[in-house]
Amino acid sequence: AFSAVYRSEFKENLVRIVGMARRRLSATVVLPTSHPLVDPHEQAALEIYHRTIREVALDLGCGLVPVHTAWAGRLRDAGLPTTAFLQADARLPDEEGQGLYAAILDRHLSHIL
C-alpha cells in the first residue's frame, strides 16, 4: 500500500505465494490484514489491499484474520484514538500493538486451525 505496487500485481503475488506454500510445504495458509492507520488517505489505500486479501482468502479457501476490524473494535471499546498501540511511524505497532496482533491472531487461529 505504500509503494508503487498495483492492486492487480499485489493480488497476483499473493496468489503465487499461497500456491507455492501449499505445493512446497503442504501448508494451511492464513492471511491476516493489518492494523488501521491514522492518515485517512493512507487508510483508504490500505483498505484496497485489505479487500484484496479477503478476495484471495475466499477464492483460494485460505483462513482470514481481519486484524483491522478487531483492532478498530478494541480502540472503540476502550475509547482510544487511532494512534494508540502505534509508534511515531503509524505503520509500525508499538509493544502493546504487537501484543494486540498476537492476541487477535491467537483467537482466530484456534478457530481456523
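The model is predicted. Helix 3 spans residues 67–78 and has several buried residues, among them His68 and Trp71.

**Helix 3: length and end**
- Helix 3 consists of twelve residues, and the distance from its first C-alpha to its last is 17 Å.
- That reach is close to the 16 Å expected at 1.5 Å a residue.
- Gly79 follows helix 3 and has a positive phi, near 65 degrees.

**Helix 3: buried residues**
- Val67, His68, Trp71, Gly73 and Leu75 are buried in helix 3.
- An α-helix has 3.6 residues a turn, so residues three or four places apart point the same way.
- The elements that cover the buried residues of helix 3 include strand 1 (30–32) and strand 2 (63–65).
- Helix 2 and helix 4 (95–112) are also among the elements covering these residues.

- Asp77 belongs to helix 3.
- Asp77 counts as exposed because its relative accessibility is 63%, and the cut-off for exposed is over 50%.
- The side chains of Asp77 and Arg76 are joined by a polar contact of 3.3 Å.

- With a relative accessible area of 1%, His50 is buried, because buried means under 20%.

Key. Residues are numbered from 1 along each chain as its sequence is written. This is a predicted model: local features need pLDDT of at least 70, side-chain atom pairs count only at pLDDT 80 or more; totals for chains, interfaces and linings use all residues. Side-chain values use heavy atoms; hydrogens and water are left out. Buried means under 20% relative accessible area, exposed over 50%, partly exposed in between (1.4 Å probe, protein chains only). Helices (H or I, at least four residues) and strands (E, at least two) are DSSP runs, numbered from the N terminus. The expected span of a helix is 1.5 Å times one less than its number of residues. Contact means heavy atoms within 4.5 Å. A polar contact is a pair of N or O atoms within 3.5 Å; within protein, one must be able to donate a hydrogen and the other to accept it, and residues adjacent in sequence count only if both atoms are side-chain atoms.
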